[in-house]
Amino acid sequence: MTIAVTGATGQLGRLVVETLKTKSAPEGLVALARNPDKAADLGVPVRAFDYDAPETLAASLEGVETLLLISGSDIGRRVPQHAAVIEAAKAAGVKHIVYTSLLNAPNSTLGLALEHVETEKLLAASGIGHTVLRNGWYTENYTMGLPAALEHNALIGAAGDGLISSATRQDYAAAAAAVLLDTSLQGKTYELSGDDSYTLTDLAATLSAQAGRDIPYVNMTEPDYAAALTGAGLPAELAGFLAHCDVEASKGALFDKGTQLSSLIGRPTTPLASAVATAIG
């Protein structure tokens with residue numbers, strides 16, 4: 001069986017490829033990347049795969065039986081990009097597509113949910129066998145800001161007391177690898193999230209315990225948080241997106257009490273304390 005992974009040079013894609021390499025022969029894997037040169041270090045065959053060049057995609061999927069479609073990063077353009085991949089997969093004879101969607105996508109209040117819902121509809125109408133991995137929030141979305149919190153002696157956000165059921169990218173990569181390799185797990189929709197939930201106050205307390213000093217959580221309004229992120233160097237659009245997600249988190253958009261992720265990977269999801277330790281070295 002030949003498995004191909006789109007976005008293989010991305011943060012999630014690389015982890016999926018590395019995980020698959022530990023469980024199957026590298027020659028049975030294909031890394032698909034917009035820039036193949038960036039995938040040269042993966043140790044598996046690499047093919048050019050640009051979501052915005054639909055006429056080239058089917059040839060790159062030749063011989064592929066199972067495809068992991070990692071959702072594109074261009075918010076607002078993902079539906080036509082994903083549609084092009086699905087059409088190419090159909091033309092190339094791909095038998096199964098595994099897609100990384102969003103936790104509770106049909107009911108999610110997050111602004112990025114709509115593109116995932118539309119992609120799920122495209123898959124359902126394609127006639128190709130498919131599995132939907134509705135990934136929850138990445139713990140790294142928050143832990144990437146911890147060095148700045150240490151520098152400024154405060155963790156800022158706009159999530160209030162909202163509970164966040166995140167997991168690390170490695171946890172989600174392990175789930176994708178499990179589904180790609182085990183056909184008995186395919187053909188389903190999974191709601192994936194961390195075993196444990198936390199507030200940003202809890203995150204600040206965990207950071208404080210590991211740093212040996214008090215790092216409080218400071219809750220901000222959505223505009224103030226977006227402005228702070230812009231001031232830290234983030235593009236305005238990304239800052240606004242993250243601030244919006246935080247506010248929705250305060251209303252429960254990132255919370256889930258299921259354990260489908262740990263069941264898929266055969267172990268507990270990565271504890272928050274471990275993720276914090278990794279982030280701050």
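**Exercise 1.** Describe how the residues that line the largest pocket divide into nonpolar, polar and charged, and say which element gives the largest share of that lining.

*Solution.* The lining of the largest pocket holds 15 nonpolar, 16 polar and six charged residues, where Ala, Val, Leu, Ile, Met, Phe, Trp, Tyr, Cys and Pro count as nonpolar, Asp, Glu, Lys and Arg as charged, and the others, Gly among them, as polar. The model is predicted, so that local features need pLDDT of at least 70 and side-chain atom pairs count only at pLDDT 80 or more, while totals for chains, interfaces and linings use all residues. Residues are numbered from 1 along each chain as its sequence is written, and side-chain values use heavy atoms, with hydrogens and water left out.

The next step is the space itself, which amounts to about 1,200 Å³ in the largest pocket. A pocket is an open set of points on a 1 Å grid over the protein atoms alone, with protein on both sides within 12 Å along at least five of seven lines; a cavity is a set where a 1.4 Å probe fits but cannot get out, and lining residues have an atom within 4 Å of a point. Grid points are joined across faces, edges and corners, and the volume is the space filled by probe spheres set on the points.

Among the 37 lining residues, Ser71, Gly72, Ser73, Arg78 and Tyr138 are the closest to the centre of the largest pocket. Two or more residues each come from α1 (11-21), β2 (29-33), α3 (78-92), β5 and α10 (236-250), the elements being DSSP runs numbered from the N terminus, with helices (H or I) of at least four residues and strands (E) of at least two. The largest share, four residues, is given by α10.

**Exercise 2.** Find which residues lie nearest the centre of the second largest pocket, and describe its lining by class.

*Solution.* The second largest pocket holds about 520 Å³ of space. Its lining has 22 residues, with Gly145, Ala148, Ile156, Tyr225 and Leu229 nearest the centre. At least two lining residues are supplied by each of α5 (140-143), α6, β7, α8 (200-211), α9 (222-231) and α10. Sorted by class, the lining of the second largest pocket gives 17 nonpolar, four polar and one charged residues.

**Exercise 3.** Locate Ser108 among the elements, decide whether Ser108 is buried or exposed, and list the residues that line the largest cavity.

*Solution.* Ser108 lies in the loop between β5 and α4. Ser108 has a relative accessible area of 17% and is therefore buried, a word that means under 20%, whereas exposed means over 50% and partly exposed lies in between (1.4 Å probe, protein chains only). The side chain of Ser108 reaches the backbone nitrogen of Leu110 at 3.1 Å. Setting aside neighbours within four places in sequence, Ser108 is in contact with Leu102, Leu103 and Ala113, contact meaning heavy atoms within 4.5 Å.

Ser108 also belongs to the lining of the largest cavity, together with Leu102, Leu103, Leu110, Gly136, Trp137, Ala253 and Leu254. That cavity has a volume of about 30 Å³, and a search of the whole structure finds one cavity of 30 Å³ or more.

**Exercise 4.** Identify the members of the largest nonpolar core that touch the most other members, and then list the contacts of Leu133.

*Solution.* The largest nonpolar core has 34 residues, of which Val16, Leu20, Leu68 and Leu192 touch the most other members; such a core is a set of buried Ala, Val, Leu, Ile, Met, Phe, Trp, Tyr and Cys residues joined through side-chain atoms within 4.5 Å. Two or more of its residues come from each of β1 (3-5), α1, β2, α7 (169-181), β8 (189-192) and α11 (260-265), and the largest share, nine residues, comes from α7. A second, separate core of 27 residues includes Leu112, Tyr142, Ala159 and Val276.

Leu133 sits in strand β6 (residues 129-135) and is buried, with a relative accessible area of 1%. Not counting residues up to four places away in sequence, Leu133 touches Val98, Tyr99, Thr100, Ser101, Ala176, Val179, Tyr190 and Leu192.

**Exercise 5.** Compare where Asn104 and Asn153 are found, and give the phi of each.

*Solution.* Most residues other than glycine have a negative phi. Asn104, however, has a positive phi of about 55 degrees, and the phi of Asn153 is near 60 degrees. Asn104 is in the loop between β5 (96-102) and α4 (113-126) and is partly exposed at 34% relative accessible area. Asn153 is in the loop between α6 (146-152) and β7 (155-157) and, at 40% relative accessibility, counts as partly exposed.

Methods:
Polar contact = N/O pair within 3.5 Å; in protein donor to acceptor, adjacent residues only side chain to side chain.
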